[in-house]
Amino acid sequence: MTEIETLYSEWLSYQPLPEEASNRLKQKFMLEFNYNSNHIEGNTLTYGQTELLLLFGKVAEAAEMKDLEDMKAHNVGLKMMIEEASNSERQLSENFIRQLHHTLLREDYKVYRESDTGAVTSYTVHAGQYKTRPNSVITATGERFEYASPEETPALMHDLIEWYKEEEIKKALTPIQLAAVFHYRYIRIHPFEDGNGRIARLLVNYILLRHNYPMIVVKTKNKQHYLNALNQCDVTVGMVPSVGAHAEIEQLTPFVSYMENCLIWALNTCLKAAKGESIEEDDDFDKELAILERQIKQKEDAKKQAASLYNVLKSPDRVWDVLEYVYFPIAEKLSEVSLSMHKFFGYTPVSNILSSTDRLQGGIHLNQSMRGYNGDRRLNQVIREARSMWFKNELKHPTRECLGDLAMTNYFVIEFFDDRYKLQNGLEFPYGKYPSSEQMDNIVRHAS
């Protein structure tokens with residue numbers, strides 16, 4: 001018997017587990033899987049933060065909102081996968097994989113890229129939909145490794161699901177072999193714009209659960225071994241995506257061996273729980289240290305990026321551009337909101353003040369009709385010294401007794417610094433860069 005067969009046989013002898021041991025294992029796996037699978041993809045939550053968030057719904061210390069939301073969504077996806085795998089009447093389907101992806105990403109979002117020439121481009125990451133643009137990765141040797149094209153993806157995903165169903169019936173592969181080959185084929189397709197690694201690791205555990213095996217964790221501390229095993233297989237299989245999407249187990253020995261070792265770890269952990277032994281690990285400090293190093297590097301990179309971005313200093317032309325492309329469009333939308341509320345309010349006092357000293361003194365009134373005044377001598381000095389531009393719109397109707405003191409105020413401010421400008425929601429931009437339409441719409445919603 002192989003080591004896996006021996007351990008699995010012993011594991012079965014302890015079934016059913018006592019409730020206390022079962023609960024300990026479920027909690028251990030939930031934390032380990034969510035933490036490691038997300039950390040591999042760059043999530044910065046520490047193990048302790050993950051534990052507080054998923055067990056108690058609390059946030060400790062500073063944490064990126066996206067990382068928190070990603071972790072919570074990943075845990076929902078894990079529960080969704082476990083429920084689906086537990087239903088023996090359902091077969092794996094493309095529809096389920098797309099639903100799982102939508103759960104992880106939650107909604108569509110834009111990704112912005114700046115080229116070496118300074119040109120900014122963007123593309124949309126679609127939640128629950130196959131990719132609409134090619135995706136690739138740069139290897140350690142500097143080569144571009146292409147995944148399946150958007151045109152190939154639907155057919156290759158169909159083939160993958162059909163192959164899995166046939167192999168499940170044939171039972172020629174062990175569950176961990178089946179899961180490993182599925183993972184590799186799936187990654188060579190890379191069907192989505194984002195989230196492919198997390199989906200692949202969820203589906204590995206879907207396959208193991210379907211065959212009554214413990215679920216496994218790809219450890220973040222072993223990330224390089226994980227990627228190296230995949231890369232070794234790529235060398236054997238070749239660079240053609242459609243060939244990789246049909247790779248055979250004989251070509252995937254390094255990766256199958258890696259996944260088998262992950263299963264051995266999982267079985268040993270399960271046996272410890274079954275025997276009433278501790279399943280806690282000694283590497284929590286290592287996890288915290290690795291995250292700390294990552295956070296320090298991110299802060300240093302952010303400083304370097306800021307230093308390179310904020311190299312355009314404030315000038316009258318730059319301030320006018322901010323007014324033209326940011327302030328006036330937002331003020332216009334806020335005014336439209338006010339007009340739509342006239343049936344409740346009788347008058348609309350509006351203040352548009354460009355301040356050269358502070359928000360209350362030394363400013364001038366600036367309105368939509370002055371959008372073309374760039375270069376006007378009367379304004380140049382104030383524009384040059386501009387500290388802030390603020391919009392305040394108050395709607396009241398004191399004569400309507402039925403409305404009492406009902407009132408509505410729209411408020412929005414831009415602050416100007418020597419090397420950047422800042423919006424009231426905390427967003428900062430170097431001169432020459434502007435918020436997206438989605439960001440501006442969000443500002444209008446919160447200012448109203």
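Which residues of helix 6 are buried? The legends below take up this question and others in a predicted model.

**View 1. Helix 6 and its buried residues in the predicted model.** Helix 6 runs over residues 153-170, and its 18 residues reach 26 Å from the first C-alpha to the last, which is close to the 26 Å expected at 1.5 Å a residue. The buried residues of this helix are Thr 153, Leu 156, Met 157, Leu 160, Ile 161, Trp 163, Tyr 164 and Glu 167. Seen down the axis of helix 6, these buried residues fall within an arc of 160 degrees, so they line one face of the helix. On the other side of helix 6, Ile 169 and Lys 170 are exposed, and the helix is followed by Lys 171, whose phi is positive, near 60 degrees.

**View 2. What covers the buried residues of helix 6.** The cover over these residues includes helix 5 (94-105) and helix 7 (175-189), together with helix 8 (196-210) and helix 10 (241-244).

**View 3. The packing of helix 6 against helix 7.** The two helices pack at an angle of about 175 degrees, with their axes 10 Å apart. Because angles over 145 degrees count as roughly antiparallel, helix 6 is roughly antiparallel to helix 7. From helix 6, the contact is made by Thr 153, Leu 156, Met 157, Leu 160, Trp 163, Tyr 164 and Glu 167, while helix 7 contributes Leu 178, Val 181, Phe 182, Arg 185, Tyr 186 and Ile 189.

**View 4. The packing of helix 2 against helix 8.** Helix 2, which comprises residues 19-40, packs with helix 8 at an angle of about 150 degrees, and the axes of the two helices are 10 Å apart. That angle makes helix 2 roughly antiparallel to helix 8, and the crossing of these two helices is right-handed. On the side of helix 2, the contact is made by Phe 29, Phe 33, Ser 37, Asn 38 and Ile 40, and on the side of helix 8 by Arg 198, Arg 201, Leu 202 and Asn 205.

**View 5. Gly 276 in the loop between helix 11 and helix 12.** The loop that holds Gly 276 lies between helix 11 (253-274) and helix 12 (284-309). With a relative accessible area of 58%, Gly 276 is exposed, the cut-off for that term being over 50%. Gly 276 and Glu 20 are 256 residues apart in sequence, and their C-alpha atoms are 9.2 Å apart in space.

Conventions: Residues are numbered from 1 along each chain as its sequence is written. This is a predicted model: local features need pLDDT of at least 70, side-chain atom pairs count only at pLDDT 80 or more; totals for chains, interfaces and linings use all residues. Side-chain values use heavy atoms; hydrogens and water are left out. Helices (H or I, at least four residues) and strands (E, at least two) are DSSP runs, numbered from the N terminus. Buried means under 20% relative accessible area, exposed over 50%, partly exposed in between (1.4 Å probe, protein chains only). The expected span of a helix is 1.5 Å times one less than its number of residues. The arc is that of the directions from the helix axis to the C-beta atoms. Contact means heavy atoms within 4.5 Å. Axes are lines fitted to C-alpha atoms, for helices over the stretch in contact, and angles run from 0 to 180 degrees between N-to-C directions. Angles under 35 degrees count as roughly parallel, over 145 as roughly antiparallel, 65 to 115 as roughly perpendicular and the rest as oblique. A crossing is left-handed if the near helix is turned anticlockwise from the far one by less than a right angle, and right-handed if clockwise.
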